[in-house]
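Subject: Structure handover

Hello,

Please find the structure we discussed below. My notes on its salt bridges follow.

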Amino acid sequence: MSIQRTLSIIKPDAVARNLIGSINSRFEQAGLRIIAMKRIQLTKEQAKKFYDVHKERAFFDSLCDYMSSGPVVIQVLAGDNAVLKNREIMGATNPANAEIGTIRRDFGESIEHNAVHGSDSPESAEMEIRFFFSETDIID
Ligand code: CMP
């Protein structure tokens, strides 16, 4: 087992429905530690930069409008195999396809309003963490 870090975003739909604590308890119950956290509202420009990998997709503009539409909670999670573990806890991107008991199944509303984002690999976790946090913001 290796200790990893991953980036999590609690998205505007989940923040608006007061689900921050419920979602955080899923992470903690699974053994992930929240080692950095901040509540911010992204500008559309920041959302476009963060999701640059999806810029050719039909949903890109709508995704960036949505992600900048209200407050989000950005977190660094740490633990054994944190990237994969977080992806398991989140469930499939589309809440309709996610396993029962996952965050997206229980709290997501649609493929766009799917409650949480999580890094998809250790390499993207590194880049995504750097996008939002400097090392001095992360207290492990
Ligand atoms: P996320 O993990 O934040 O990464 C990219 C996001 O794009 C994804 O979650 C979804 O919210 C969104 N997304 C992916 N596919 C679609 C789609 N077909 N239509 C709308 N949004 C999508």
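A residue is called buried under 20% relative accessible area, exposed over 50%, and partly exposed in between. At 40% relative accessibility, Glu-135 therefore counts as partly exposed. Please keep in mind that this is a predicted model.

Glu-135 meets Arg-130 in a salt bridge, with 2.5 Å from N to O. Arg-130 is likewise partly exposed, at 39% relative accessibility. Shared partners extend this pair: Arg-5, Arg-130 and Glu-135 are joined by salt bridges into one network.

The count for the model comes to 10 salt bridges. Two more of them are described here.

One is formed by Arg-17 and Glu-109, whose closest N and O atoms are 3.5 Å apart. Arg-17 has a relative accessible area of 34%, which makes the residue partly exposed. Glu-109 is partly exposed too, at 47% relative accessibility.

Another is the salt bridge between Arg-26 and Asp-106, where the closest N and O atoms are 2.9 Å apart. Arg-26 belongs to helix H2 and Asp-106 to helix H6, and the pair links distant parts of the chain, 80 residues apart. Arg-26 has a relative accessibility of 21% and counts as partly exposed. Asp-106 is also partly exposed, with a relative accessible area of 35%.

Regards

Methods:
Residues numbered from 1 in each chain as written. Predicted model: local features only at pLDDT ≥ 70, side-chain atom pairs only at ≥ 80, totals over all residues. Heavy atoms only, no water. Salt bridge = Lys/Arg side-chain N within 4 Å of Asp/Glu carboxyl O. Buried < 20%, exposed > 50% of the residue type's maximum accessible area, 1.4 Å probe, protein only. Helix = DSSP H or I, 4+ residues; strand = E, 2+ residues; numbered from the N terminus.
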